[in-house]
Structures are given as structure tokens and as C-alpha cells.
Amino acid sequence: MNLAVRDIRHNSGRFVFTTLGIGLLLMIVMGMGGIYRGLIYEATLLVDRVGADLWVVQGGTRGPFAEVSRISASLEDRVRAVPGVANARRFVSHTIQRVHQGRPLRMVVQGLSWPEDRGEWVPLVAGRALRQAHYEMIADLSLHLPLGEKVTLGRDVYEVVGHTRGMVGTSGDGLTFFTVSDALAIQSDVPGEAVRLERAARRARLEDIEIGRLQPLLLDRAAGPSGSIPALSKPQVSAVLVTLQPGADAAAVRATLANWPDISVFSTQEQKDLLLSGMVDKAKRQLGLFRVLLIIISTIIIALIIYTLTLDKIRDIALLKLIGARNGVIGGLILQQSLLMGAFGYALAWVIGQFTFPHFPRLVVVEPSDLISLGFIVLIISTLASLLGIWKALRVEPNTVLSA
Amino acid sequence: MSAPAVEVQHLRKVYGSGHTEVVAIRDASLTIARGEIVGMLGPSGSGKSTILTAMALINPPTSGQVTIGGEAVLDGPKALVDLRAFRRQHLGFVFQKANLIPFLTALENVQIALEVNDTAPKAARARAMELLDYLGVGERAGNLPVALSGGEQQRVAVARALANNPSLILADEPTAALDSQRGRQVMELFAKVAHERNAGVLVVTHDHRTLDVFDRIVDVEDGTIHERAPSQTVKSS
């Protein structure tokens, strides 16, 4: 005869509500683990998908994701000349927050090296890749920008031509793909007044030096657009992505590039490691701490409920002792109740999670291995939680049953 | 001739020590034969319950011996056997309150006493049903205690006490919570059990209306047992 099940049936209301509470707590524990997995997935998603063998970034930096990196766009041509390099692409990545239709719109802007890279590698769920050098964009569905939507960014208007799903940056913001020149235009967009002031400042600086006074035409040039002044550098990009020729010696290519003092080179794996050890590490520790706290809270709640249930039937336990029930029968009653509470709570957590996790603002990835390890944790905390009740039950004297 | 159901000799129970010392039992000796039902009377605080709990092996005496079914069980506070196992196999208990486990049905309340004594569940169920039928509450087997009347609950408690064919049944004021009619029925049930099942039965009671069911009556006063003379026993032979 299973006493635990019969007692639970008798106290079904309390059991159901407690299990529901435990289930919700365990769902949060499960969700925290899933959010951590999601962070890793999101952080490494772009690095995985972009298909580069090497990342060339600003020397001495660990860009372009872990920190800001700025290199000359012309570096692309230098890299192409290195033996073993099949292709080099400019890469621009930055996060912007604008207002669209009265609501804040935060997105990660990725620049594709038009015309070589039109975004064919981007996993589209609707629409198409870029077909024009300007004014087209691919947007992730999380940004809620329908196909054909016109989005004003700076002084230009971009049309959404393609959709991705689940393509987000390390901060969870949806990715958007533009041509590099558009991405740079969005990044360097400044108000007209600022442009006019900068041009005036350039002219004033030139007037202060002798060459400006001797060459009046230079003053006119200085007050013109930046792009028409050869002395000014072209806009800078975040990185240059290198694709190696089939069979090329990656170490040799890397060694060649590493000799250039103005850049740093990272492999795809190193980029992922930079992301995980830097940006994701603190989030991981924070989530881990929360998980530990929630598990401790769950243990305490189960322990208190089991203890209360034990106190409620202290006379019944005394009676069982009086009629000769072994400690194993009494301990088993309490342990089984605790395990059942943990098991039902765990199952409930899983079921609720199936419905709620997809609606979380961040991606939640629950791996089978995480479910198994959480199952073991629930087993352990349920066992630990029963100890207080068992301890109380084993201390009960049989003659307690005789007291009024 | 079989050994007595229980034999206690020179029981003494002292609580506390020094100036807080309280003597609950001074020198109590009692023998109950198998098939005999004995009533134990006495005022509150006289030591009845202490004697009963000592015989029940849940409150060992300070000194004295307890022998049950011919087997020495207690020598003073020292247990000579595994007391819990011994209770399981040889003793049955009935109390003022039925003390049924509230989350078990009447049948299960009896069945559990058998299962803790290693009876297989199926056999335990059959035996429990047989006992409930014997005590006239078979038709209430599937009910939880809360759905049973006081008298029915007490019958289930008696069935539980009988489950393992104990050589000794100890009852502590089993009719106190019942009306006179139900009380008499329960007392007659004990007498029936003692005589038909050859068990020794000791009933602690204050209920003078049912003394006629006892084979023998003992009085407890100041921690000492006094055998009541046969002429003082109400029961007609």
C-alpha cells in the first residue's frame, strides 16, 4: 500500500497548489538555463553564419563585436593580395536605436560587401536578398517590419526586401543587412547643420595656415563635401572578412597578416571565444547565480511543505510506529511525497515552459542535456527537502498517539 | 498449558529525580491469561495508563519485568527484544479515540497493520476484509474514517488491533467517546475477541456500566494494582 499517494490524495488541494508553485519556480530555473543557451546561440550566430575563415580587425583591438574596431575599407584590397586568400569582404556592424512609426526601433546594422556579397548566405524566411546597391534592407522578424515597409534611417529611406527569423545580435536586438555603403551612411549620418559647421571649421583651419592663404581654391575644396577631398580618408569599416582558397594553409595566411602592425587577425573560433568569454560571461554568471538561488528557494519551499505535511500527520506516524511500522515505511512515506512533489513540479515546469518560452523577449534554448541535469537536481533537492520531515518523523515517540 | 498473555512483575516507574521525583507506579504485578478479559479501574492519576504503556512497550518501567506470551520482553528499562517488531507481531492497541489514519479507508486502516508485519498486500486485504465482516463493519470498508460513526470507527480500530492475531490486546478507555449502547457493544466485542480468539485483553476504563463483561477486574491506586475480590466482580458466572 502506498501511503504517500493516499496522503497526497487526501491533501490534494495543498499538494496541487504547492506543486504549481514549485513548477513555476522550476520553470524559471529551466528558463534561466535556456536564456543562457540562447545568449550563446545568439552571440555566435552571426559569426557562424557569415562564413569567414579569418577576421581582420583594427590592430590591438578585439573587435568588431567585443569592442569597437575601425579599419580602412581599402584594407580589403591589401588582404586580397595575400597568397591563399580567395576573397575579402568589408564588414560593418553597429547598433542603432531610432524611432519608427512612433515606437523605438533598435537594430544591429550589418554591412554587406556589395556587390560580391548580396546576402545570399543570410537564411531568409521570406522575400529576397539585396538587388540594389542602395536603399534595400533585410530585417529580422523580431523587428516587426513587414516586407515592403519603408524605414527612414538618417536622410534616406530603406525598403525591407527580405526577412530572417531568429537572427539577433549579442544584445538580442534584431539584425538588419544593408550594403556596406548604406550601413556606413546610416552610421555616419549627421544633421545638415553639423555638416555645414564641419565644412566651415575646415575652411577656417585652412585659412590659418600659409597654404590656405596662398591657394584660395583649396579653401573652396575644404568647404566642399568630404568625399571630394582626396586628403581625407574614406569611411572606415569594422572588419574585413577573409575567405581562404580551398586547401590554403590558414596558418601561413594568418602569419602573413599578423606581420602587418595596423591590424589584428582572429579565426572564427577565436571570435566566438572572445564573445563568450567577454560579453556572455557575466550574463552567464548572473543567470547561474539566479538559478542557484531559485534552486535553494525551491528546496526550502519543498522542505517546509513536507515538514508541514509531516506535522499534520504526526499522530498517524506515531500510530504507525505503535503498530510496529519500520522506519523505512515512515521515511519512505515522506521521501516519496517529496519526490512526487519534485517530479510533478518538474513536469509542470516543462509543460508551462513549452507555452511560455517562445514568448520570452530573449531566445530560450532548452537542450535535452539541460533537462536531464535539471531532473537530477530536482531529484537531489527533493531528497534533501524530505530530510527535515523524516528527521521530525523519526523523533516522534509512539506514545504521542495517546496524548489528547 | 499455554503461557499467560502477559505477566508483569514488580513494575516501578519513577519520573524525574531528587525533589522533583514522582513515583507513577510503586509496585505493580499482574498476570492476564490467554482468553481472559481484564478490566482495570482507578481514579485519574492513579497510574493506569502508565502501567498500560509499560505493557505496550512504549514507556519502559524504571524496574520490574514484563513477559508477553512467555517471552521476557523488558527487564526494567532494558529491552530484551526488538520492541517495535515485538509490538508488530504480538500486541494490539485500541484507544479512547479510534486513531484511524484519516487518509486511509476503513479497509486500508486494517490492511496497513498487516502489511507492516510483512503480509502480502493481497492476503492483507483479504484478512482485513474478513476482520471487518467479523466486527460488523464490512459494508463500510471503502469509507474514509470521517464518513464513519464513532462506534464504527472503534470497530475498525478493534479490527486493526486484531489484524496480526496478537496474544495481548491493550485498550485505553475505548468506550469513553461512545454512548452507552455503543460502549457496551464495543466491550462485548472485546470479550468476544478474548474468548473466541484466545487473546488476553486488558481494558482501562472508567465506565462502570460495562464492568459485567470482564472476567476479572483490578483496581489501581497510587501506582499499585489491587485484585478485586471475586464477590466484587459484577459479572455473573
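Let's start with how H3(B) and H4(B) cross: the crossing is right-handed. Helices here are DSSP runs of H or I with at least four residues, strands are runs of E with at least two, and both are numbered from the N terminus.

Before I go on, this is a predicted model, where local features need pLDDT of at least 70, side-chain atom pairs count only at pLDDT 80 or more, and totals for chains, interfaces and linings use all residues. Residues are numbered from 1 along each chain as its sequence is written, and chains are lettered from A and ligands numbered from 1 in the order in which they are written.

Okay, back to the helices. Two packed helices are described by the angle between their axes and the distance between the axes. For H3(B) and H4(B), which covers residues 121–134, the axes come within 8 Å and cross at roughly 125°. The axes are lines fitted to C-alpha atoms, for helices over the stretch in contact, and the angles run from 0 to 180 degrees between N-to-C directions. So H3(B) and H4(B) are oblique to each other. The cut-offs are: under 35 degrees is roughly parallel, over 145 roughly antiparallel, 65 to 115 roughly perpendicular, and the rest oblique.

Who actually meets whom? On the H3(B) side we have Ala106(B), Leu107(B), Val110(B), Gln111(B), Leu114(B) and Glu115(B), and among their partners in H4(B) are Pro121(B), Ala124(B) and Arg125(B). Contact means that the C-beta atoms, placed from the backbone, lie within 7 Å. The residues of this contact split into 10 nonpolar, one polar and three charged. In that count, Ala, Val, Leu, Ile, Met, Phe, Trp, Tyr, Cys and Pro are nonpolar, Asp, Glu, Lys and Arg are charged, and the others, Gly among them, are polar.

Now the other pair in chain B. At what angle do H5(B) and H6(B) pack? About 15°, with their axes 10 Å apart, so these two are roughly parallel to each other. The crossing of H5(B) and H6(B) is right-handed. H5(B) brings residues including Val158(B) and Leu162(B), and H6(B) brings residues including Val186(B) and Leu189(B).

A word on confidence, using pLDDT, the predictor's confidence in each residue from 0 to 100. Chain B has a mean of 85, with 95% of its residues at 70 or more. Its lowest spot is H6(B), at a mean of 81, and its highest is H3(B), at 92. Chain A averages 85 too, and 96% of its residues score at least 70.

Next, a helix inside chain A. Is H4(A) mostly covered or mostly open? Mostly covered: six of its eight residues are buried. Buried means 20 or more other C-beta atoms within 10 Å of a residue's own, exposed means 12 or fewer, and partly exposed is in between, with C-beta atoms placed from the backbone. The buried ones are Val180(A), Asp182(A), Ala183(A), Leu184(A), Ala185(A) and Ile186(A). They pack against several strands of chain A, including E3 (85–100) and E4 (103–112).

Gln101(A) has a positive phi of about 50° although it is not a glycine. Gln101(A) sits in the loop between E3 and E4 of chain A and is exposed, with 9 other C-beta atoms within 10 Å. Tyr135(A), also not a glycine, has a positive phi of about 65°. Tyr135(A) is in the loop between E5 and E6 of chain A and is partly exposed, with 17 other C-beta atoms within 10 Å. And finally, a cis peptide bond joins Trp114(A) and Pro115(A), with omega about 0°.

Notes
Left-handed = near helix turned anticlockwise from the far one by under 90°. Contact = placed C-beta atoms within 7 Å.
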